[in-house]
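Thanks, everyone. Please have a look at the model first.

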Amino acid sequence: MSDEDITLTAGDAEVTVRPGNGGRIGGLRIDGVELLRQGERFGCFPMVPWCGRIRDGRFRDGATVHQMPLNSPPHAIHGTVRDGAWRPARVQTDEAVITYDLVEPWPYPGRVTQQIALTPDSLTLTMAVETYDSSFPAQIGWHPWFNRNLGGEDVRVDFTPAWQEERGADHLPTGNRIEPRPGPWDDCFGMPGGVDVTLTWPGQLELKVASREEWVVVYDEQEAAVCVEPQTGPPDGLNTLPRLVTPLEPLEAATTWTWRRL
């Protein structure tokens, strides 16, 4: 069953969930208008157990150094779960829960649960990483590809970050925080009060991406789409700012998209 798409509906909103293709959201349609870039690699995929790039694909856990496959040479990017098939645990008209058991190349056993909840004017994605065995560092994030154009003017991206992570030549944060710079971006920003980014398709739709997390990567260097990625830490965060998953304390995060017609 995991290869079958799941369709959720609420009012005139419709979401396609694709458990068999990395647990991604394959589509979000409002009044029949598709907001997400279509294709096997696009939609909105979960980034777990890390977000963005890991430098040289290596991260340290205590005295142990782990090597991940270099799927974006010379780095490893966006976790492992987007390459696997998830299992539906519960499906209702406007909500689905899907799960994924962490396997190699990730070195630790664990389970990821993602809840997708749709209302007529919002979509909430909630994710948790649990372990019943050894503790490990992890990150959670989402990587949506919003269509730049819905048939009118191009989308406008508005947000007020407290800082921008300075990006080195290797595309990874240097550790310095700088004043936010104008785009185009493939950059990580800090929003200590929580992620709050507004996408506006003039005369058509306004969509807000919100999360209690304080990190967001904005990527708008492609012609077709714009990415706004809330996450629990910066790129290379397994090395620089690890969040620990323990048998007593899972790592949890959520993001909500709300929209209104203009």
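A strand, here, is a DSSP run of E with at least two residues, and strands are numbered from the N terminus. Keep in mind that the model is predicted.

Let's begin with the largest pocket. Its volume is about 490 Å³. The lining counts 29 residues, and F45, R53, I77, H78 and H143 are the closest to the pocket's centre. Which strands supply at least two lining residues each? They are β15 (141-147), β17 (163-167), β19 (186-190), β22 (215-219) and β23 (225-231). β19 gives the most, with three residues. Now the classes. This lining has 11 charged residues, nine polar and nine nonpolar.

On to the second largest pocket. The space in it is about 170 Å³. Its lining includes R55, E165, W215 and D236. Here strand β18, residues 173-178, gives the most, with four residues. By class, the lining of this second largest pocket splits into five nonpolar, four charged and three polar residues.

Last topic: cysteines. What about accessibility? C44 counts as buried because its relative accessibility is 1%, under the 20% cut-off. C227 is at 0%, so C227 counts as buried too.

That's my tour. Questions, please.

Terms used. Residues numbered from 1 in each chain as written. Predicted model: local features only at pLDDT ≥ 70, side-chain atom pairs only at ≥ 80, totals over all residues. Heavy atoms only, no water. 1 Å grid on protein atoms, 1.4 Å probe; cavity = no way out; pocket = protein on both sides within 12 Å on 5 of 7 lines; lining within 4 Å. Points joined across faces, edges and corners; volume = space filled by probe spheres on them. Nonpolar A, V, L, I, M, F, W, Y, C, P; charged D, E, K, R; others polar. Buried < 20%, exposed > 50% of the residue type's maximum accessible area, 1.4 Å probe, protein only.
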